[in-house]
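Here is a short report on strand pairing and a ligand site. Please read it beside the model.

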Amino acid sequence: MAIEKTLVLIKPDGFKRGLTGLVIDRLDQAGLELVAAKMVSVTEALAKEHYRELADKPFFPNLIRYIRGEFHSLAHQQVLALVYQGEGAIALTRKVAGATNPEQADPHSIRGSFGRVTTQGQFENVLHASGNAADAEREVKLWFKPEEIIGGAPAVAPNEGLSGRSPGANGKR
Ligand code: IDP
Ligand code: MG
């Protein structure tokens, strides 16, 4: 099986309910390697681009509100974005996450244990995990620059601090 990268987002319900550590722990236990992590304020444009394949679904407007923290009083629209790497990482992460609908998810999965369907029909399912290889490639690129990923393209060579750089062409810094 190929070494893959996949995108995980701790969604606002997971973040607000203190499940960030649990998600990271479960993915660690599954043998996945964490290669990138950052908090991101999710703009409307980023949310719509991320979920662009669902734009014609009736739940799309509420999905955008959900991922931007509007149902969980997040002042900064923040999610934790992570990239995991490993053999078969995409399918493995989906298995640990569980099915999209928390009511149908394996009770041992994260979504089956901690997700819920609200009375308004919103799926609050704790985390995002890329669905397939094409989505994973697109999503990792959408959320991360190559130099933010371990083993990606380093912006500065290791141990090359500012002092190691030569002055500009005109001799001034
Ligand atoms: P996934 O997150 O398991 O890949 P997708 O079908 O890609 O599932 O949908 C993205 C997100 O949209 C889901 O995680 C969930 O938050 C929301 N969603 C999907 N289907 C429904 C639905 O039928 N009702 C309400 N929300 C949904
Ligand atoms: Mg999906």
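V8 stands opposite A129 in β6. This belongs to an antiparallel pairing of β1 with strand β6 (residues 127-129), which spans 3 bridges. Strands are DSSP runs (E, at least two residues), numbered from the N terminus. Two of them pair if DSSP finds at least two bridges between them.

β1 (residues 3-10) also pairs with β3 (residues 78-87), again in the antiparallel sense, over 8 bridges. There, I3 has E87 in β3 as its bridge partner.

The model is predicted: local features need pLDDT of at least 70, side-chain atom pairs count only at pLDDT 80 or more, and totals for chains, interfaces and linings use all residues. Residues are numbered from 1 along each chain as its sequence is written, chains are lettered from A and ligands numbered from 1 in written order, and side-chain values use heavy atoms, without hydrogens and water.

Now the ligand. The shell around ligand 1 holds 6 nonpolar, 3 polar (Gly counts here) and 3 charged (Asp, Glu, Lys, Arg) residues. Among them are K11, Y51, F59, G121 and N125.

Alone, ligand 1 exposes 530 Å², and the protein buries 78% of that (Shrake-Rupley method, 1.4 Å probe).

Technical notes. Near = heavy atom within 4 Å. Helix = DSSP H or I, 4+ residues; strand = E, 2+ residues; numbered from the N terminus.
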